[in-house]
Amino acid sequence: MLYALAGTLEQGLLYALMALGVYLTFRVLNYADLTVDGSFTTGGAIAASIIFAGGSPWLATAAAVIGGLLAGLITGLLHTAFRITPLLSGILTMTALYSINLRILGRANVPLLRADTVISRFNSWLPLDNIYGASLLGLIIVLLAVSGLYIFLKTEIGLALQATGDNEQMIRAQGVNTNHMKLLGLALSNGLVAISGALVAQNQQFADAGMGIGMIVAGLASVIIGEALFGKRTLLQHIIAVVCGSIVYRAVLALVLRLGLAPTDFKLLTALIVVIALASPQVRTWLGLTKNSRKRGSFDA
Amino acid sequence: MLELIDICKVFDKNTVNEKVALDNVSLTLNNGDFVTMVGSNGAGKSTLLNAVAGMFPLDNGSIILNGNEITHLSEHQRAAMIGRVFQDPLTGTAAHMTVEENLVMAWKRGQRRRLRRAIRFQERAFFREQLAGLGLGLEDRLTTKVGLLSGGQRQALTLLMATMRRPQLLLLDEHIASLDPRTAEIVMDLTCRIVEEQQLTAIMVTHNLEQALSAGTRTVMMHEGRIVLDIQGLERRRMDVLDLMSLFEKNSGTKLSSDRVLLAAKA
């Protein structure tokens with residue numbers, strides 16, 4: 001039981017970084033970025049191959065972030081420079097990344113068993129053998145990411161980024177190059193996603209080309225669960241809700257696994273969670289349950 | 001000084017929908033000119049404003065603002081010099097952000113945006129003072145999300161955002177047309193006061209002929225992408241709405257076709 005709890009917590013926290021990235025594009029920038037499935041794997045693949053080759057795990061994780069930033073930048077350039085729709089530009093990068101990730105890995109699967117990872121390094125600093133080591137490291141990194149994201153979004157540039165997602169015409173009339181803001185947002189988002197991929201790969205002690213499949217939907221599920229359970233009245237509340245949403249999402253998965261569902265059914269379950277969350281406002285209107293007719297957070301992908 | 005020299009814009013060129021929106025328009029505004037712009041629907045008024053704001057590239061002609069050629073600058077680059085208020089009150093402000101966040105973004109118009117906290121103590125005091133000047137009680141709602149304000153309040157806020165850092169040119173695109181009459185009057189008074197206080201050069205598109213003559217210092221009428229009337233000074237002061245309409249008919253060879261213009265004329 002304790003192990004299950006520790007496992008859920010560490011997964012929730014490590015994947016929370018990915019959920020924060022998804023939050024940054026889908027919610028803040030209002031940009032449906034599907035690069036995530038690819039950039040998550042890119043993060044894992046870069047970190048794993050550097051560690052496998054004997055490199056420093058910290059350096060490997062940093063290199064993974066740079067890979068993620070670049071992936072986001074490419075999606076952004078496809079959209080801003082060539083006017084490809086957000087959805088398609090993300091899909092194109094994601095597809096291209098699949099081949100690139102295989103190149104980085106050099107084979108289908110890179111094992112990191114007994115390799116020197118950031119998690120094993122961190123554990124070696126802790127007294128005793130601690131099953132919460134990965135969770136603690138995850139918590140520290142998530143806290144850094146949450147505060148960093150919050151502080152950034154409240155800076156002059158951060159406000160311009162938020163406004164780009166809120167009302168592009170308005171912020172352009174205030175002299176902001178919205179294309180630059182989209183590039184910045186997409187790069188940061190995929191940077192976060194790639195750290196998440198790098199840490200997950202080190203925690204599960206392998207990286208493979210398929211580790212990012214369905215990641216975007218998992219991220220969305222975390223964002224939506226977090227918003228529904230923990231609210232989004234202020235920016236800080238919204239960001240923290242996303243992190244908590246990620247933990248709850250992993251807990252739900254662990255629970256249904258215990259109830260006998262096969263791990264291979266996870267993606268179906270995740271998609272169902274997102275569908276239910278997105279469909280509920282519409283179903284409520286069909287049932288005549290909505291209190292007022294005002295449009296509520298409709299979701300545009 | 002704003003100079004528009006022979007500007008042309010054709011939409012959907014070489015298609016059945018081809019539409020000459022701006023047909024060799026030339027117009028010179030001296031500093032301090034407050035132009036009210038009227039004309040029937042589709043005359044090119046809003047297109048002219050959007051051309052100056054840089055929302056699309058011109059087919060021909062050039063735009064010079066205070067000696068700087070801005071014809072090829074992008075919309076956000078021109079924004080450093082130009083303040084704008086839109087017809088739709090939702091367009092000029094970011095609904096999910098607070099009043100003070102909207103203001104600080106406008107305060108940075110034309111300035112370098114940095115990685116430092118946007119709103120600090122001194123900004124708050126300054127914004128409160130600016131908002132108090134609007135007389136709408138917004139000074140106590142700095143941290144309210146703009147989406148919760150009324151259309152009139154949002155439009156007044158947009159006006160403040162367009163002018164708190166003095167623009168070289170102010171563009172008002174039917175900015176009171178979608179407000180209720182009482183609110184429209186408040187925002188219009190505010191507009192005249194701000195333009196006068198700051199000695200702004202401004203263009204205001206309106207459908208209300210009466211207002212076109214009562215507000216501003218100069219009236220320009222457009223028809224089918226051309227300027228058909230440009231009056232100021234004594235000539236303008238002597239004119240009433242009926243004179244304006246008959247002059248328009250004489251110069252354009254057609255009757256004013258917009259119902260809104262006629263309704264506004266009767267009112």
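This report describes parts of a predicted model with a chain A and a chain B.

Residues are numbered from 1 along each chain as its sequence is written, and chains are lettered from A and ligands numbered from 1 in the order in which they are written. Because the model is predicted, local features need pLDDT of at least 70 and side-chain atom pairs count only at pLDDT 80 or more, while totals for chains, interfaces and linings use all residues.

## Confidence

The model has an ipTM of 0.92 and a pTM of 0.92. The pLDDT is the predictor's confidence in each residue, from 0 to 100. Chain B has an average pLDDT of 92, and 95% of its residues score at least 70. Helices (H or I, at least four residues) and strands (E, at least two) are DSSP runs, numbered from the N terminus.

## Helices of chain A

The expected span is 1.5 Å times one less than the number of residues in the helix.

| Helix of chain A | Residues | Number of residues | Span, first to last C-alpha | Expected span |
|---|---|---|---|---|
| Helix 3 | 57-82 | 26 residues | 37 Å | 38 Å |
| Helix 6 | 133-153 | 21 residues | 30 Å | 30 Å |

Helix 3 of chain A is followed by Arg83(A), which has a positive phi near 60 degrees.

Helix 6 of chain A has buried residues, among them Leu137(A), Val142(A), Ala145(A) and Leu149(A). A residue is buried if 20 or more other C-beta atoms lie within 10 Å of its own, exposed if 12 or fewer, and partly exposed in between, with C-beta atoms placed from the backbone. The buried residues of helix 6 pack against helix 1 (2-28), helix 5 (118-125), helix 9 (178-204) and helix 11 (235-258) of chain A.

## Where the chains meet

Two residues are in contact if their C-beta atoms, placed from the backbone, lie within 7 Å. Between the chains, 19 residues of chain A are in contact with 25 residues of chain B. On the chain B side, helix 2 (75-78) and helix 3 (99-107) each supply at least two residues. Helix 3 of chain B gives the largest share, 4 residues. By class, this side of chain B has 10 nonpolar, 6 polar and 9 charged residues. Here Ala, Val, Leu, Ile, Met, Phe, Trp, Tyr, Cys and Pro count as nonpolar, Asp, Glu, Lys and Arg as charged, and the others, Gly among them, as polar.

Arg172(A) belongs to helix 8 (residues 168-173) of chain A. Arg172(A) is buried because 24 other C-beta atoms lie within 10 Å. Leaving out residues up to four places away in sequence, Arg172(A) touches Thr178(A) as well as Glu75(B), His76(B) and Ala79(B).

Two strands pair if DSSP finds at least two bridges between them. Strand 8 (residues 202-205) of chain B has Ala202(B) and Met204(B) pointing one way and Ile203(B) and Val205(B) the other, and all are buried. In a regular strand the side chains alternate between the two faces of the sheet.

Strand 3 (residues 34-39) of chain B pairs with strand 8 of chain B in the parallel sense over 4 bridges, and Phe34(B) has Ala202(B) as its bridge partner. Strand 7 of chain B also pairs with strand 8 of chain B in the parallel sense over 4 bridges; there, Leu171(B) has Ile203(B) as its bridge partner.

Ile203(B) counts as buried because it has 24 C-beta neighbours inside 10 Å. Beyond its neighbours within four places in sequence, Ile203(B) is in contact with Val35(B), Met37(B), Leu49(B), Leu171(B) and Leu172(B).

## An antiparallel sheet in chain B

Chain B also has an open sheet of 4 strands in the order 2-1-4-5, with antiparallel pairing. Strand 2 (19-29) and strand 5 of chain B stand at the edges with a single partner strand each, so one side of each has no neighbour in the sheet.

Strand 1 (residues 2-11) of chain B is joined to strand 4 (residues 60-65) of chain B by 5 bridges and to strand 2 of chain B by 7 bridges. Glu3(B) has Ile64(B) as its bridge partner in strand 4 of chain B and Thr28(B) in strand 2 of chain B.
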